[in-house]
Amino acid sequence: MSTWIAEAAAIFAKDWRSELRTRFALNTLGLFALTTLVVVSFALGPIGASPLAPAVLPAVLWIILLFAATAGLPRLFVAEEETHTATALRLTATPSALFCGKLAFGLTLIAAIELLTTPLFLILVQLRVDSPGLLVATLAIGGYGLATASTLVATMVAQARGKATLFAVLLFPVLVPLLIMAVALTRQAVAGEAAGVALTELLLYDASVTVASLMLFPAMWNP
Amino acid sequence: MNPPPTRLRFAGLHRRFGKLAVLAGVSGEAVSGQVLLVTGANGSGKSTLLRCLAGLLAPDAGEIELAEEGRPVAAGERRFRVGYLAPDLAFYEALTTLENLRFFARLRRVDPARAAALLDRVGLPHDRAAGALSSGMLQRLRWCWAVLHRPAVLLADEPFQNLDDPGCRVARELLDEQLERGLAVVANPAHLQLPRVASHVDLDR
């Protein structure tokens, strides 16, 4: 295993080891997702069969995922700054490996939230998905974009004051294109339509955010 | 004549925080086997100087040169070559002392077995969470972290604070070993009785 991959893997393993002992992000994300899900489900009821459902419910699903992510992912770098462990990391970790290790941790958190939220949401609102494969692909590609953009913005705000507000203000404009494409693709998955060009556009969004993150991260992380 | 294995030289360092000028034209130099002692009152800029030397803070003006075997080390690489020990250095509180050091050993590409050996050397338990360490034990862990990768340059900011007599003894042994392989810059409010102090930067002047 190359040393770069070993570094990223060490950061990923360290973050999960700390997380499993403190359960900070898991509890925050999980409770937020579940609470929102229950409220939405009780408010809307089993409306999956109504004509409006395929248009509205995909947007509701992605709003739940977005707010669950923004509740937990800023901690990725903020915790390192607040507990002063960032100094030791700056002196030891290769910036790109650090970013990828943190991104991998964020990705697994998002994946866990998607795995918890999506099936429950579909069951509670009784929404039928005609193309489950497209839904899984959309959740995977959209989740990756959500995690990458959140990790990048978490780096930006880590050393600032008013982190939570700044995180939301900076993150939402970056995520608007992703959310529009992800909602459109989820609608297509529900209706059983072919993915078309939207899937490629979502992949291009992910690629752009990844390249931008890897280019910007070293300058943002180091003085 | 062969160049010294390691040479650290800084000249005309300036650093401001807003309107406050913390460093104003600070210069110094040390080579392998030597200690450069930095003294000054609280707030005189000792920690800022060490953070600049470590590459954690960019000076507003001035030069910092680290050379190994006569070859200059790139500014971006400097942070990976130094050992840094400072009061604000913290560890992952949910992880044990051994898990913390092993994690950084993997990042430093050092044999993880050295982590356990260093903990034994300074008398720290392997299985105590970093968040449950006393201030003296935390200082011992900082020493382990700083010399984990056998750095050529040790930047030590108040390295003996909170240590009891046995802790001070082992810290001085580690400092002696550091001077066998490289140099050390030691910052302290008062003048310490240290071996091989070759130069002195007094930030109160």
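Visitor: What does the secondary structure of chain B come to?
Guide: Chain B has six helices and nine strands. Helices here are DSSP runs of H or I with at least four residues, and strands are runs of E with at least two, numbered from the N terminus. Keep in mind that this is a predicted model, where local features need pLDDT of at least 70, side-chain atom pairs count only at pLDDT 80 or more, and totals for chains, interfaces and linings use all residues. Residues are numbered from 1 along each chain as its sequence is written, with chains lettered from A and ligands numbered from 1 in the order in which they are written.

Visitor: How much of chain B is buried?
Guide: Buried residues are 44% of its 205 residues. Buried means 20 or more other C-beta atoms within 10 Å of the residue's own, exposed means 12 or fewer, and partly exposed is in between, with C-beta atoms placed from the backbone.

Visitor: And what does chain B span?
Guide: Its C-alpha trace spans about 45 × 40 × 30 Å along the principal axes.

Visitor: How many residues of chain B are in contact with chain A?
Guide: 22 residues of chain B, and they meet 19 residues of chain A. In contact means that the C-beta atoms, placed from the backbone, lie within 7 Å. On the chain B side, helix H3 (residues 97–108) gives the most, with six residues.

Visitor: OK, switching to H2 in chain A. Which of its residues are buried?
Guide: A:Ala25, A:Leu29, A:Ala33 and A:Leu37. Seen down the helix axis, the buried residues of H2(A) fall within an arc of 70 degrees, so they line one face. That arc is taken from the directions from the helix axis to the C-beta atoms.

Visitor: What do they pack against?
Guide: Four helices of chain A: H1 (3–22), H3 (53–72), H4 (75–82) and H6 (95–124).

Visitor: And which exposed residues sit on the face turned away?
Guide: Among them are A:Asn27, A:Thr35 and A:Phe42.

Visitor: Why does A:Asn27 count as exposed?
Guide: Because A:Asn27 has 12 C-beta neighbours inside 10 Å. A:Asn27 also has its C-alpha atom 8.9 Å from that of A:Gly72, 45 residues apart along the chain.

Visitor: What comes just after H2(A)?
Guide: A:Gly45, with a positive phi of about 75 degrees.

Visitor: Last one: what does B:Leu155 touch?
Guide: Leaving out residues up to four places away in sequence, B:Leu155 touches several residues, including B:Leu50, B:Val82 and B:Val185.

Technical notes
Contact = placed C-beta atoms within 7 Å.
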